[in-house]
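This report describes the surroundings of a ligand and one surface feature of a protein model. The structure is shown first.

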Amino acid sequence: MDGLMKGKRGLVMGVANDHSIAWGIAQKLSEHGAELAFTYQGDAFGRRVKPLADKLGASLVVPCDVEDSASVAATFETLGKEWGGLDFVVHAIGFSDKNELKGLYADTSRDNFVRTMVISCYSFTEVARNAAALMTEGGSMITLTYAGSVRVMPNYNVMGVAKAGLEASVRYLANDYGPRGIRVNGISAGPVRTLAGAGISDARHMFSYQQRNSPLRRTVTIDEVGGSALYLLSDLSSGVTGEIHYVDSGYHIVSMPTLDELKQ
Ligand SMILES: NC(=O)c1ccc[n+]([C@@H]2O[C@H](COP(=O)([O-])OP(=O)(O)OC[C@H]3O[C@@H](n4cnc5c(N)ncnc54)[C@H](O)[C@@H]3O)[C@@H](O)[C@H]2O)c1
Ligand SMILES: Cc1c(CN(C)C(=O)CCc2cnc3c(c2)CCC(=O)N3)oc2ccccc12
């Protein structure tokens, strides 16, 4: 089908199920004519991702565990062999030990700090380096971040530190690859009820707080994140690189949306 992404081929990393942000992005890209390849993290996820990928006519669905550099390299070797080139990459991967996503950030263990940084931050740099080698006609990459990188979100803890590093790496990668016509951007999404977004303590209260206090008075959907990803991965954003684009109902711009509640 014709559309913004007609003739473009790209890799979507991070679909776990049909609630995943990466799935919202993949659907939107496919609707606009993109040809997609997917990676999944291990056989358990593979059983969920393959039927989803089939729905979008994706022929390439490969395992990739970003804790294993050989696995990342093998993914792009396969893409190089099967496609020969690449126009875009979606990196929607993040993980930390959920037992350290509560209580004090100060209590973060060294092991989980390192592991969280490798999976949630460094993996985008490694993916970008491998992808850039295939983007011989230029290209566009995005990663998913969260406002917990620049402001304290209770319990987000070490994930906030990892996202701060991720957002800085977006800027450094944008500078490295700009001369080759490869753009690198981030989408900072508001809270979404995904596997990663729901499995946290007090998720219910955090969602309702954001619904009551964001300018749009609601949380965002994976389709809305998909729309902004389509913009950043298409030629509509040809002049945009190194940016963190917020898709969060405007939550991050307010300190106090209204005094009404206090007057009650
Ligand atoms: N859900 C939210 O509220 C929210 C908001 C802003 C940003 N994000 C970010 O969006 C991205 C996608 O998360 P989601 O909310 O769609 O949840 P999700 O659980 O659907 O997706 C997370 C993905 O990370 C993958 N992953 C984890 N460790 C991996 C590893 N070692 N190798 C390969 N893949 C691995 C999982 O397999 C899964 O597919 C993450 O980076 C997350 O931090 C989420
Ligand atoms: C929002 C929000 C999220 C969603 N988000 C932005 C994220 O980036 C997901 C972070 C995350 C990373 N690793 C794990 C989990 C969530 C839960 C399941 C697990 O085992 N590991 O996570 C939070 C954690 C604490 C507070 C708020 C949030």
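## Shell around ligand 1

Helix H6 contributes the most to the shell around ligand 1, giving three residues; helices (H or I, at least four residues) and strands (E, at least two) are DSSP runs numbered from the N terminus. The shell has 28 residues, of which Ser20, Gln41, Lys163, Val192 and Thr194 come nearest; a residue is near if one of its heavy atoms lies within 4 Å of the molecule. By class, the shell holds 17 nonpolar, eight polar and three charged residues (Ala, Val, Leu, Ile, Met, Phe, Trp, Tyr, Cys and Pro count as nonpolar, Asp, Glu, Lys and Arg as charged, and the others, Gly among them, as polar).

The model is predicted: local features need pLDDT of at least 70 and side-chain atom pairs pLDDT 80 or more, while totals for chains, interfaces and linings use all residues. Residues are numbered from 1 along each chain as its sequence is written, chains are lettered from A and ligands numbered from 1 in the order written, and side-chain values use heavy atoms, without hydrogens and water.

Polar contacts are pairs of N or O atoms within 3.5 Å. An oxygen atom of ligand 1 lies 2.6 Å from a side-chain N or O atom of serine 20. Towards the backbone, an oxygen atom of ligand 1 is 2.9 Å from a polar atom of isoleucine 21, and one is 3.5 Å from a polar atom of alanine 16.

Of the 820 Å² of accessible area that ligand 1 has on its own, the protein covers 93% (Shrake-Rupley method, 1.4 Å probe). Strand S5 (139-145) and helix H6 (195-198) are the elements that give two or more residues to the shell.

Notes
A polar contact is a pair of N or O atoms within 3.5 Å; within protein, one must be able to donate a hydrogen and the other to accept it, and residues adjacent in sequence count only if both atoms are side-chain atoms.
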